[in-house]
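Here is a quick tour of one protein model for someone seeing it for the first time. Have a look at the sequence and the 3D view, then read on.

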Amino acid sequence: MNAMEDVVVLIVGAGPVGLATAACLAQRHVPYIIVERESSTASLWRHRAYDRLKLHLAKEFCELPHMAYPAGTPTGKNQWVVLVRDMDTSVVARLATQFLVVATGENSAASIPPIPGLSRFEGEAIHSSAYKSGRAYTGKSVLVVGAGNSGMEIAYDLATHGAHTSIVVRSPVHIMTKELIWYGMTMVQNLGLNVTTVDSLLVMAANFYFGDLSEHGIMRPKIGPLLLKSQTGRSAVIDVGTARLIKGGVIKVFQGISKINTNSIEFHGGRQNSFDAIVFATGYKSTVNAWLKNGESMFKDDGFPKNYFPNHWRGENGLYCAGFARRGLAGIAMDAKNIANDIVAAMDKMSC
């Protein structure tokens with residue numbers, strides 16, 4: 001054992017407490033020695049903390065003696081800090097805000113489902129967001145995947161430009177006219193009629209107008225069009241002439257894809273056809289979770305709000321979202337008004 005050394009103050013532990021005490025002693029010119037079992041100061045923070053760990057209190061309550069936080073450090077007072085970049089100059093700015101409105105919406109990025117063999121397909125495969133006109137496909141065999149409004153209208157456009165057109169209709173879908181949907185919404189909103197009653201009238205009128213489409217591979221959902229939209233966000237298809245072409249055999253209907261080969265596609269039931277191109281009208285997805293951190297209280301893993309309409313738009317700590325209700329422009333308008341009113345109320349409360 002070495003000879004004993006006399007010290008004025010011995011501090012055991014080089015964590016925040018030991019460092020703070022040492023700093024105060026140094027200001028008073030009192031000599032000290034710190035002993036620490038780890039290889040660094042503040043080892044708990046440096047080596048045993050998870051990546052997203054942050055102080056829970058405002059910075060003025062978390063400062064150690066004689067070393068204040070830099071002026072630009074976030075206060076922690078329920079503020080959101082966002083890094084943004086000017087796309088022209090590449091200059092990065094740091095913005096701190098009391099209120100953050102996520103308005104990237106439900107259609108941020110194209111969504112193409114994983115289908116066996118897609119990467120081997122030698123023809124053209126695009127998402128509907130890249131589709132412009134059927135003129136480029138005249139005389140070609142084209143498969144449209146997805147029977148929503150975009151898929152049905154693209155199929156019509158292809159067929160009328162001379163493409164040999166097929167469409168995949170996997171799920172039941174309501175096909176309506178624009179006038180029927182208008183009458184239905186008017187009866188519910190302006191006349192106060194029961195949605196179920198109005199849906200029954202719409203289905204009867206659609207069946208009379210379009211006839212039975214089930215023999216052509218298109219089934220109707222068991223839930224009426226307005227109630228289906230309210231409960232799931234799925235819209236009825238507004239027909240632009242596609243139904244007539246399907247009934248006339250101009251547009252062929254398939255129920256689902258089993259596998260994609262280099263130049264052909266195998267469908268459920270064993271049928272196989274060759275195609276020059278595939279257009280995926282399979283919708284979009286939210287990308288909010290790719291850039292928003294600490295939004296777990298409001299958003300699910302799929303990037304949509306945890307709460308359902310009409311209580312989806314407000315989160316915690318000044319976080320809002322608009323355009324995630326799957327209710328089109330009418331839903332967006334409702335979100336915008338609710339958010340603006342809530343922010344104004346919060347600001348008035350803070351100023352009192």
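## The loop with the cis proline

Pro310 sits in the loop between helix H8 (288-291) and strand S18 (319-321). Helices (H or I, at least four residues) and strands (E, at least two) are DSSP runs, numbered from the N terminus. Going from Phe309 to Pro310, the peptide bond is cis, with omega near 10 degrees.

Before going further, a word on the source: this is a predicted model, where local features need pLDDT of at least 70 and side-chain atom pairs count only at pLDDT 80 or more, while totals for chains, interfaces and linings use all residues. Residues are numbered from 1 along each chain as its sequence is written, and side-chain values use heavy atoms, with hydrogens and water left out.

Back to the loop. Most residues other than glycine have a negative phi, and most peptide bonds are trans. Asn294, in the loop between H8 and S18, has a positive phi although it is not a glycine. Asn317 is found in that loop between H8 and S18 too, and its phi is also positive. Here are the two asparagines with their values:

| Residue | Phi | Relative accessibility |
|---|---|---|
| Asn294 | about 65 degrees | 33% |
| Asn317 | near 60 degrees | 44% |

Asn294 counts as partly exposed because its relative accessibility is 33%, and Asn317 counts as partly exposed because its value is 44%. The cut-offs are these: buried means under 20% relative accessible area, exposed over 50%, and partly exposed in between (1.4 Å probe, protein chains only).

## A hairpin

Now for strands S3 (residues 80-85) and S4 (residues 92-97), which run antiparallel and are joined by six bridges. Two strands pair if DSSP finds at least two bridges between them. Which residues of S4 stand opposite Val82 and Val84? Val82 faces Leu95, and Val84 has Ala93 opposite.

S3 and S4 form a hairpin with six residues between them. In the turn, Ser90 has a positive phi of about 65 degrees. How many of the six residues in S4 are buried? The count is zero, so S4 is hardly covered.

## Two domains

The domain assignment gives domain 1 (4-46 + 74-108 + 286-351) and domain 2 (111-280). Such bounds come from an automatic or database domain assignment. Taken over C-alpha atoms, the centres of domain 1 and domain 2 are separated by 43 Å.
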